[in-house]
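Dear colleague,

Please find below the structure that I am handing over to you.

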Amino acid sequence: MAADAPGTLPVQLVEQPRLQKLKEMFISKFGSAPKFYVRAPGRVNLIGEHIDYCGYAVLPMAIEQDILIAVEPVKTKAVQLANTNSLYLFFCFCRDFSTSVNNIQINKTTPQWHNYFLCGLKGIQEHFGLNNPTGMNCLLDGTIPPSSGLSSSSALVCCAGLVTVRANGKTLSKMELAEICTKSERYIGTEGGGMDQSISFLAEEGTAKLIEFSPLRATDVRLPSGAAFVIANSCVEMNKAATSHYNIRVMECRLATKLLSKSKGLDWKTMLRLHDVQTKLGVSLEEMLTIVEEVLHPEPYSTEEICKCLGISLEELRSQILSQNTQDVSTFKLYQRAKHVYSEAARVLEFKKICNKAPANAIQLLGELMNQSYISCREMYECSCPELDRLVDICLQFGAIGSRLTGAGWGGCTVSMVPTDKLNAFIKNVRKAYYQTDVQRLALENNSLFATKPGRGALVFVEA
């Protein structure tokens with residue numbers, strides 16, 4: 001096995017009640033016992049929102065909540081999937097799903113939970129060119145709230161990827177798995193950047209990670225000891241694959257890249273990410289912000305104006321630049337999106353620098369960066385919503401030093417940095433102010449508000 005492959009941990013199931021229960025349910029479902037179990041964690045992004053797909057570093061950590069799959073390789077050519085968790089069934093009209101392992105069809109129009117599994121499965125099959133892949137019985141259990149911005153979908157893709165590698169007797173490094181799962185999640189139509197898959201595999205207990213791209217690498221970031229990070233779910237669900245907001249933002253960044261490149265005499269046709277522009281020009285992030293001010297205007301760009309700026313036809317714009325699911329969008333905000341990306345990229349680097357230097361006022365400085373990030377997400381990237389705005393206000397009111405949306409936005413969760421001596425009072429007050437004032441939130445309260453520590457990455461468990 002590769003030295004940097006995900007670990008395999010022998011466990012006594014009697015000491016692992018969740019695994020024991022999953023085994024019992026598996027036997028009840030399939031009539032035989034699982035051979036191994038795979039776990040992939042969700043994540044919370046502390047800072048660096050919507051910039052991974054622009055080529056910039058992000059700063060997430062894995063959380064305790066995860067996707068866990070019990071697996072039995074079988075001699076038939078069928079993949080049989082079942083789900084213990086009714087939370088994930090809102091994706092789906094039926095609890096179970098089966099398909100031929102040789103005929104993987106992923107339906108982009110309805111992002112049902114099993115399609116995310118199929119993304120991971122297909123990605124590994126294609127990577128190895130498996131002509132005779134192993135069939136499998138799989139039972140899934142998830143503790144990440146779906147559509148909450150904590151990466152339940154990517155954790156499922158990663159889990160499925162590692163399941164497929166193990167079931168077929170292959171090995172891959174964590175880096176290779178992260179890169180394959182990033183690409184394969186795009187089968188469902190989401191143009192993601194790689195943060196979620198990278199932290200799911202590369203996470204280590206006790207440390208957040210600075211994740212950089214091209215090439216992929218991860219650096220430990222030690223968080224200050226005097227503060228806790230608290231996740232609060234707005235209880236507004238947002239599924240990236242089911243809505244156009246996310247992919248429109250990806251495309252706005254791509255179009256901003258093209259216009260900035262053309263204005264500076266670069267080969268704009270080959271430029272895809274805002275990071276590429278900075279690299280080619282050899283300037284700082286601060287200088288890029290000045291260039292954005294000079295080149296782009298705050299008013300939305302029509303498709304006609306974009307075509308005129310680039311000297312191309314509408315047909316060329318649609319066929320060569322716009323993704324399939326953004327063909328009908330008529331206006332794009334380029335100035336605001338580029339401004340957010342370059343300023344957020346600078347905040348990530350500053351956050352890491354403060355963590356490394358650990359000055360006496362580190363918590364205050366990090367909190368200010370989180371607050372600036374949130375304002376930029378709300379004002380420049382427009383990926384917040386009224387419930388997130390309310391939740392951030394409540395968190396700041398009750399003692400958070402910094403609070404911001406985390407994940408794609410338009411719903412999902414906030415992450416707040418809270419001094420450890422104020423943690424219990426903070427959780428009590430936020431619960432009362434946000435969750436206990438609404439019947440729907442009250443029903444979800446137990447899984448919606450919790451302090452978290454950096455957890456470990458994906459693992460395989462085998463019965464000792």
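Predicted model: local features only at pLDDT ≥ 70, side-chain atom pairs only at ≥ 80, totals over all residues.

Between which helices does the loop that holds Glu382 lie? Glu382 lies in the loop between helix H12 (362-379) and helix H13 (386-397). Helices (H or I, at least four residues) and strands (E, at least two) are DSSP runs, numbered from the N terminus.

Residues are numbered from 1 along each chain as its sequence is written, and side-chain values use heavy atoms, with hydrogens and water left out.

Backbone

Most residues other than glycine have a negative phi, and most peptide bonds are trans. Glu382 is not a glycine, yet its phi is positive, at about 50°. Its relative accessible area is 30%, so Glu382 is partly exposed; here buried means under 20% relative accessible area, exposed over 50%, and partly exposed in between (1.4 Å probe, protein chains only). His50 also has a positive phi, of about 60°, although it is not a glycine. This residue lies in the loop between strand E2 (36-47) and strand E3 (59-74), and His50 counts as buried because its relative accessibility is 4%. The peptide bond from Ser214 to Pro215 is cis, with omega near 0°. Pro215 is placed in the loop between strand E7 (208-212) and strand E8 (217-221).

The sheet of seven strands

Strands of a sheet pair through backbone hydrogen bonds, either parallel or antiparallel. In this account, two strands pair if DSSP finds at least two bridges between them. Seven strands form an open sheet with mixed pairing, in the order E1-E15-E2-E3-E6-E4-E5. Strand E1 (8-11) and strand E5 (97-100) stand at its edges; each has a single partner strand, so one side of each is left without a neighbour in the sheet. On average, neighbouring strands of this sheet are turned by 25° against each other, direction ignored. Axes are lines fitted to C-alpha atoms, for helices over the stretch in contact, and angles run from 0 to 180 degrees between N-to-C directions.

Within this sheet, strand E4 (residues 78-83) and strand E6 (residues 135-142) pair in the parallel sense over five bridges. Val79 stands opposite Met136 in E6. Helix H1 (residues 17-30) packs on the sheet, and its direction makes about 135° with that of E6. The strands that H1 touches include E1, E2 and E3, where contact means heavy atoms within 4.5 Å. Helix H2 (residues 113-128) lies across E3, E4, E5 and E6, running at about 135° to E4.

The sheet of four strands

An open sheet of four strands has antiparallel pairing and the order E12-E13-E9-E14. Strand E12 (402-406) and E14 stand at the edges, each with a single partner strand, so one side of each has no neighbour in the sheet. E12 and strand E13 (residues 413-419) run antiparallel and are joined by five bridges. The bridge partner of Thr406 in E13 is Cys413. H12 lies across strand E9 (227-233), E12 and E13, at about 40° to E12. H13 lies across E9, E12 and E13 as well, running at about 155° to E12.

Cysteines

How many disulfides does a search of the whole structure find? The search finds zero, a disulfide being a pair of cysteine sulfur atoms within 2.5 Å. The sulfur of Cys253 is 3.6 Å from the closest cysteine sulfur, in Cys54, which is too far for a bond. Cys253 counts as buried, at 2% relative accessibility. Cys413 is in no disulfide either, and the nearest cysteine sulfur, that of Cys235, is 8.2 Å away. Cys413 is buried at 1% relative accessibility.

An exposed position

Ala443 lies in helix H15 (439-444). With a relative accessible area of 67%, Ala443 is exposed. The C-alpha atoms of Ala443 and Leu216 are separated by 40 Å, and these residues are 227 residues apart along the chain.

Yours sincerely
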